[in-house]
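Please keep the sequence and the model at hand while reading.

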Amino acid sequence: MVTKRWIWLLVAVLAVELGLIVSMSLDVLAATNEGQPRWLAIVAVAWFGVILFATFGLIRSVSGGRRALHHQAEAIAADESTSQDWLWESDTDLRLTYSNDGVQALLGYAPAEVLGRPLLDLMTDEARQITTELHAAAKRAGITGWTSQEARWLHRDGHVVVLQGSARPIRDLRGHVVGFRGTRSSVTANDLSDRVAAAARLRVLGILGASALQVAFQPIVDLATGSLAGVEALARFRDNRGPEEWFRDAHSAGLELELDELAFTAALAAAAQLPDGCWVSLNASPALILARPLTELILNAGIPVGRLVVEVTEQARVDDYVALNAALLPLRNAGVRVAVDDTGAGYASLSHVLQLRPDVIKIDRSLITELATDAARRSLVTSLVLLALDLGAIVTGEGVETFAELETLAVLGVDHGQGYLLSRPTTDPLQWAGWARRHWRTTGTPPRVRI
Ligand code: G
Ligand code: MN
């Protein structure tokens with residue numbers, strides 16, 4: 001910084017001056033009678049005074065600047081007690097060095113808990129990527145900070161929070177960036193305008209555009225014959241986040257329907273690569289069935305409709321079964337079968353069975369776990385098998401993980417089994433093709449497992 005260099009220059013001049021004055025004064029004292037030019041000594045002393053004055057002036061202005069910075073810090077401190085906003089400071093690596101109480105209300109952390117943590121840790125993957133890019137660009141371009149950025153952060157309990165805020169670099173006296181200071185506040189319902197919805201929509205659409213949504217299939221095995229009966233299509237995402245997380249995000253952005261539809265159409269498209277003969281179960285939420293013309297999608301997919309099953313998902317209550325049945329009617333008329341997913345997991349799924357009269361009842365894996373050793377679970381499964389007989393439906397047991405569970409299902413009269421024991425869901429078409437020729441052992445002594 002210019003001021004600091006000037007001070008050093010002036011101090012140097014002062015030192016030279018002082019030396020000059022001392023040596024001249026000694027000369028003057030030593031040779032008073034020899035007519036030494038006393039005026040030179042007087043000029044030197046006066047010049048010394050001028051330089052001294054200038055140096056002090058500069059020092060004062062620098063410390064005035066420091067005081068201003070101090071006042072700024074005090075203003076922040078005063079703000080922190082009144083503001084609802086989250087005020088934070090970080091080092092240059094965006095590691096938090098300061099946080100006010102605002103972080104508690106917005107993200108659920110006490111200030112002490114976030115100190116020392118990288119800011120990026122508190123964001124969703126997507127916000128992390130954007131911030132890393134902003135940060136890198138800011139570093140390259142001399143850093144100007146950013147204003148009114150909306151980003152998706154992670155609350156301590158895992159849900160996504162949209163926060164808006166700005167950040168500025170903190171500079172030291174030499175102008176070097178030593179960190180960042182910023183604020184974040186929650187985006188109110190009004191702020192979550194079309195702009196945000198459109199951005200979120202683009203993100204979801206980007207999933208398909210970038211082929212980030214993949215379709216995995218999991219085999220459903222006929223327990224009487226041990227051969228492949230059908231497969232269930234399951235959405236998988238190329239980033240490391242699980243489908244539940246993606247669907248929860250889409251839900252909070254009001255885009256659940258869009259993601260449901262993307263998963264459904266992607267599954268339909270992938271179904272064309274499956275071995276002939278097996279049926280394909282496609283998950284569809286009641287909201288999707290009500291809102292979209294699925295029959296049209298299915299008829300245009302080029303797969304024999306008799307091979308398709310639509311699984312009505314969601315454990316939430318459906319308020320209007322008349323409307324849901326009306327929306328399912330064209331599908332049924334076209335020859336598509338209807339399954340109720342997760343049966344037995346809650347009151348809602350039994351309602352689904354009674355109201356929708358499905359062709360397939362899928363028993364939730366919570367009833368299958370420990371089936372071999374739990375008489376109550378066996379009774380429940382038996383009652384669902386009897387209910388299915390009355391409805392003319394077939395029954396699939398989901399989440400089969402042990403041979404004992406599989407065998408018990410077969411003994412209780414359950415038609416089909418699905419679960420990790422038989423195969424995990426996979427996106428590999430070679431495995432899909434292999435299932436058509438495979439035989440699964442479903443009864444009798446299980447093959448010995450070598451440990
Ligand atoms: O609700 P629905 O039945 O559609 O859920 C299917 C989910 O269950 C998929 O995400 C799939 O990966 C998972 N799944 C499939 N088989 C098993 C299993 O044997 N055990 C467990 N824990 N999960 C399973
Ligand atoms: Mn399902």
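## Strand E11 and its neighbours

Strand E10 (residues 337-343) pairs with E11 in the parallel sense over 3 bridges, where two strands count as paired if DSSP finds at least two bridges between them, and where helices (H or I, at least four residues) and strands (E, at least two) are DSSP runs numbered from the N terminus. Between these two strands, Ala339 stands opposite Val360 in E11, and Val340 stands opposite Ile361. The chain passes from E10 through helix H12 (residues 347-356) to E11 in a right-handed β-α-β crossover; right-handed here means that, with the strands pointing away from the viewer, the path from the first strand over the helix to the second runs clockwise.

On its other pairing, E11 is joined by 4 bridges to strand E12 (residues 394-397), and the two run parallel; Gly397 in E12 is the bridge partner of Ile363. In a regular strand the side chains alternate between the two faces of the sheet. In E11 (residues 360-363), Val360 and Lys362 point one way while Ile361 and Ile363 point the other way, and all are buried, that is, under 20% relative accessible area, with exposed meaning over 50% and partly exposed in between (1.4 Å probe, protein chains only).

## The barrel and the basis of the model

These strands belong to a closed barrel of 8 strands, which runs E6-E7-E8-E9-E10-E11-E12-E13 with mixed pairing.

The model is predicted, so local features need pLDDT of at least 70 and side-chain atom pairs count only at pLDDT 80 or more, whereas totals for chains, interfaces and linings use all residues. Residues are numbered from 1 along each chain as its sequence is written, chains are lettered from A and ligands numbered from 1 in the order in which they are written, and side-chain values use heavy atoms, with hydrogens and water left out.

Glu232 in strand E7 (residues 228-237) and Glu311 in strand E9 (residues 308-312) link distant parts of the chain, 79 residues apart, and both are buried.

## Contacts of ligand 1

An oxygen atom of ligand 1 lies 3.1 Å from a side-chain N or O atom of Asp341, and a polar side-chain atom of Arg365 is 3.0 Å from an oxygen atom of ligand 1.

Key: A polar contact is a pair of N or O atoms within 3.5 Å; within protein, one must be able to donate a hydrogen and the other to accept it, and residues adjacent in sequence count only if both atoms are side-chain atoms.
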